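Please look through the sequence and the model below. My notes follow as numbered points.

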Amino acid sequence: MAVGIRAEEISEIIRQQIADYDKKVEYSETGIVLSVGDGIARIYGLEKAMAGELIEFSGKLFGMVLNLEEDNVGVAVLGEVTHIKEGDVVKRTGRIVEVPVGKSVIGRVVNPLGQPIGW
């Protein structure tokens, strides 16, 4: 007894998968760390970066664009700089640095991103 799959069934399965397919294209401008020292990283490749923009390094470490030059940008690292090395890839977030305000942060010690430190 042979069990066969009909061509119509295969066609219907493929049609359903195509209909459910969600195309998402994620575009992100990336750069490469040229040098790092004294809490400042020089990054090549972020031509469209904005002054004050939040930049993401690997390991969920962030920085803020301060210096816009012709061939690189200077970024103040908002965290431990020892984890960054030359050649690391960074990406733009498209967001200007902001710190939350409100009753939840009154009297709290916060890091440069406004996240509470310790308790």
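1. Thr30 stands opposite Lys91 in strand 6. Strand 1 (residues 30-37) and strand 6 (residues 89-96) run antiparallel and are joined by 3 bridges. Strands here are DSSP runs of E with at least two residues, helices are runs of H or I with at least four, and both are numbered from the N terminus. Two strands count as paired if DSSP finds at least two bridges between them.

2. This is a predicted model, in which local features need pLDDT of at least 70 and side-chain atom pairs count only at pLDDT 80 or more, while totals for chains, interfaces and linings use all residues. Residues are numbered from 1 along each chain as its sequence is written, and side-chain values use heavy atoms, leaving out hydrogens and water.

3. Lys91 in strand 6 is also the bridge partner of Glu56. Strand 3 (residues 53-57) is joined to strand 6 by 3 bridges, and these two strands run antiparallel.

4. What do the 6 strands close into? They form a barrel in the order 1-2-5-4-3-6, with antiparallel pairing. Neighbouring strands of this sheet are turned by 45 degrees against each other on average, direction ignored (axes are lines fitted to C-alpha atoms, and angles run from 0 to 180 degrees between N-to-C directions).

5. Ile5 lies in the segment before helix 1 (7-20). Ile5 counts as exposed because its relative accessibility is 63% (exposed means over 50%, buried under 20%, partly exposed in between, with a 1.4 Å probe and protein chains only).
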